[in-house]
Structures are given as C-alpha cells and as structure tokens.
Amino acid sequence: MPDDDLDRAEPQPVVAESGAEAQVEPERQVVVGVRGQRMQHMVAADVLHPLAAHPDDDLPLGLDLGLRTGFGDDWLRLGPVKVFTDGSLIGHTAAMCHEYADMPGETGALQGDPAALTETIIAAHRGGWRVAAHAIGDAAVDLTLDAYAEAQRRYPRPDARHRIEHFGVTRPDQVKRAVELGVIGVPQARFVPEIGDGMRRALGADRVAGAYRLRSLLDAGMVLPGSSDRPVTEGAPLLGIQAMVTRTTASGQPFGPGEEITARQALHAYTLGSAYASHQENRTGSLAVGKLADLVVLADDPTKVAPDHIGKIEVLRTMIGGQWR
C-alpha cells in the first residue's frame, strides 16, 4: 500500500501493489492466457480421508503423501481446507440464532451434524491444515469459533491463522472472541451492492448493522482481508475496494452505517491484509526488498478519487515477478 501522497496536478498513473521483490523471476510455464497467474487453491473438506498412519500419530484425516496447506510454490500452492457449516442469507439457509425477518419461524440450518462438523475442523487442524470455514449465520459462527477453540485446546498450534469465510452476521462478542483466538474473518463487501437489498430484507433493518462488518473488525484489532467470493459476485479488486468504502445497496440504501472504511484501509485489505490471511505476508502484499514483484499501474489514485469512481479506474499495466505482462 503506497504511503506517499502523489502530486496529481498533472494526470499520472499511480501504483497499487500486491507485492515486490528485488530479484526478477525467470519466466515460468504456469500461465493462463497471456498473463502469469499466481494461485492458492482451497481444498474441499470432502476430499480429506482416513490416513494409514500409526495410531499414535493421531492423524484421523488428510491427503496422501502428507499434502497440506503450504505445499507448492509461489505460482501454485495449496491453501486452506474449506469446511461448509451453513448456507446463505438470500436462500434463508444460513444458520441463525434468531428467525429471518421476512420468513417467520425460519432460522436456517447447519450443513451437517454439529459434532461431525466440529470434528472435521479439529481433524483438519490436527493434520496441519489451515481451515477456512464457511459460516454466514451467527449460529454457524458460534459453532466454528467453538471448534477452533477446541482444536487449539487439544492440539496447540501457534499462529494457525484459521479463517471464517464470510463471517456474515456477527455479534460484538463473536468479533472479540475471534480476535482472541487469532481467527480471521473474511467478509465480502461486494455482496452489498449486488445482493445487499435481499440481505436487508432477510435480516431486517435492526440486524443489518451486524452483517458483513468491516470497521468493527479493524477496531477490534483483526487484520482485515479483501475478498470477492467470485464468481458469486464480480471479482475485480477495484470494485471490491469501492464497495468497502461506499457500502450502498443497488437501490441506494446504506448497509450497516458506520461499517464503511477508508479507501486507504480498503487498499491495505486487498494487498497486505489478504497476504496476511493467506500466511504470505513475507512474500507478497507490499512493495519491499525480497518480496514478489507483483504490481499494477493505475490511471488514478484510489485514495483520492470520488468513492463511486474507484471501480472505474483503468488498469494500465500489470507486472508479475518483475515482468510486464
């Protein structure tokens, strides 16, 4: 994230980076189209299976050859294992502690037996995986936090950096507990302009304040990453940054007033924040000697243009591994 204010008396491009390094990488063969692509893939929990390990190893689930989070290189790497605990707000299937505002009596559901979901999360943790649990409703968030706490009680592991994907509807006590456990919430601000009106109807005006929090997470001391949930929503980072700043639905309704953040904070989320959530902040996320030379040149400064213009900024050039693409 750039720290220096750039003089915009004359139009000039600004650089928003996702990483930099002193050494220029040699060309690699992992490419998609004309641009090299760095990928960190999630593994669905369904593919984990019992291992032929010694009983004393206490490794109930995993992948053959010991593959787990971190395997790979800077181009293709295994990320966290994905565990689905509930559904969605729009579908009224996210597991909630209270009924949906537009569907009395409905509180959604967990995607399995609570004990089984908990044991899957614990087993993945035991096997050395970083876990990214999909949890949107506050009841699902409770289950996930309980599982992470129990995993660390049984098998302490420093800086595991487990995540809760979406962290959709949360109470202040859940935010506080997540920070205490070192868990990273991964909200998708882009949901607000695309499906925010539907989420408002499902939750009711009173509970929107606790949905897809941003500022509350920063204020509590959590490192906030940027995320789109592509292809559910548009994946362009600049659109995501704009949504973090504006938090306005398609109909123009504010979504959780007070939870918006500044453009500089949003830019940090999409660079160093996301690198931290991926346990890659020592390799990417900022321009520094020894980090990957991945960056883009923008036609304008996202921290200075009008918030509703951020998503329209043109990407002029892209550098990956020190090579212009």
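## Helix packing and buried cores in a predicted model

D138, V141, D142, L145, D146 and A149 in helix α2 meet Q174, R177, A178 and L181 in helix α3, where contact means heavy atoms within 4.5 Å and where helices (H or I, at least four residues) and strands (E, at least two) are DSSP runs numbered from the N terminus. By class, this contact of α2 with α3 has five nonpolar, one polar and four charged residues; Ala, Val, Leu, Ile, Met, Phe, Trp, Tyr, Cys and Pro count as nonpolar, Asp, Glu, Lys and Arg as charged, and the others, Gly among them, as polar.

The model is predicted, so that local features need pLDDT of at least 70 and side-chain atom pairs count only at pLDDT 80 or more, whereas totals for chains, interfaces and linings use all residues. Residues are numbered from 1 along each chain as its sequence is written, and side-chain values use heavy atoms, with hydrogens and water left out.

### Helix pairs

The protein has seven helices and eleven strands.

| Pair | Angle | Axis separation |
|---|---|---|
| α1 (residues 114–126) and α2 (residues 138–154) | about 45 degrees | 9 Å |
| α2 and α3 | about 25 degrees | 11 Å |

α2 is therefore roughly parallel to α3, while α1 and α2 are oblique to each other; angles under 35 degrees count as roughly parallel, over 145 as roughly antiparallel, 65 to 115 as roughly perpendicular and the rest as oblique. The crossing of α2 and α3 is left-handed, whereas α1 passes α2 in a right-handed crossing, a crossing being left-handed if the near helix is turned anticlockwise from the far one by less than a right angle, and right-handed if clockwise.

On the α1 side, P114, L117, T118, E119, I121, I122 and H125 meet L143, A147, Y148, E150, A151, Q152 and R154 of α2. This contact of α1 with α2 has eight nonpolar, three polar and three charged residues.

R177, placed in helix α3, touches D142, L145, D146 and A149, not counting residues up to four places away in sequence. At 28% relative accessibility R177 counts as partly exposed, given that buried means under 20% relative accessible area, exposed over 50% and partly exposed in between (1.4 Å probe, protein chains only). R177 and A220 are 43 residues apart in sequence and 9.8 Å apart in space, C-alpha to C-alpha.

### Burial and cores

Buried residues make up 47% of the 325 residues in the protein, and among contacts between residues at least 6 apart in sequence, 72% join residues at least 24 apart. In soluble globular proteins, nonpolar side chains tend to be buried together. A nonpolar core is here a set of buried Ala, Val, Leu, Ile, Met, Phe, Trp, Tyr and Cys residues joined through side-chain atoms within 4.5 Å. Of the 46 residues in the largest such core, W129, I164, F167 and M244 touch the most other members. The elements that give two or more residues to this core are β5 (76–84), α1, β6 (131–135), α2, α3 (172–181), α6 and α7, and α2 gives the most, with six residues. A second, separate core of 15 residues includes M199, A202, Y212 and F255.

Helix α6 (residues 237–246) is largely enclosed by the rest of the structure, because eight of its ten residues are buried. These buried residues are L238, L239, G240, I241, Q242, A243, M244 and V245, and what covers them includes α4 (191–203), α7 (263–277), β9 (294–298) and β10 (315–320).

E165, in strand β7 (residues 163–166), counts as buried at 6% relative accessibility. Not counting residues up to four places away in sequence, E165 touches M42, K82, A132, A133, H134, A135 and V186.

### Backbone exceptions

Most residues other than glycine have a negative phi, and most peptide bonds are trans. F167, found in the loop between β7 and α3, has a positive phi of about 45 degrees although it is not a glycine, and counts as buried at 1% relative accessibility. D58, in the loop between β4 (39–44) and β5, has a positive phi near 55 degrees and is partly exposed, with a relative accessible area of 34%. R247, which follows α6, likewise has a positive phi, near 45 degrees. A cis peptide bond, with omega about 10 degrees, joins R230 and P231, and P231 lies in the loop between α5 (215–219) and α6.

Key
Axes are lines fitted to C-alpha atoms, for helices over the stretch in contact, and angles run from 0 to 180 degrees between N-to-C directions.
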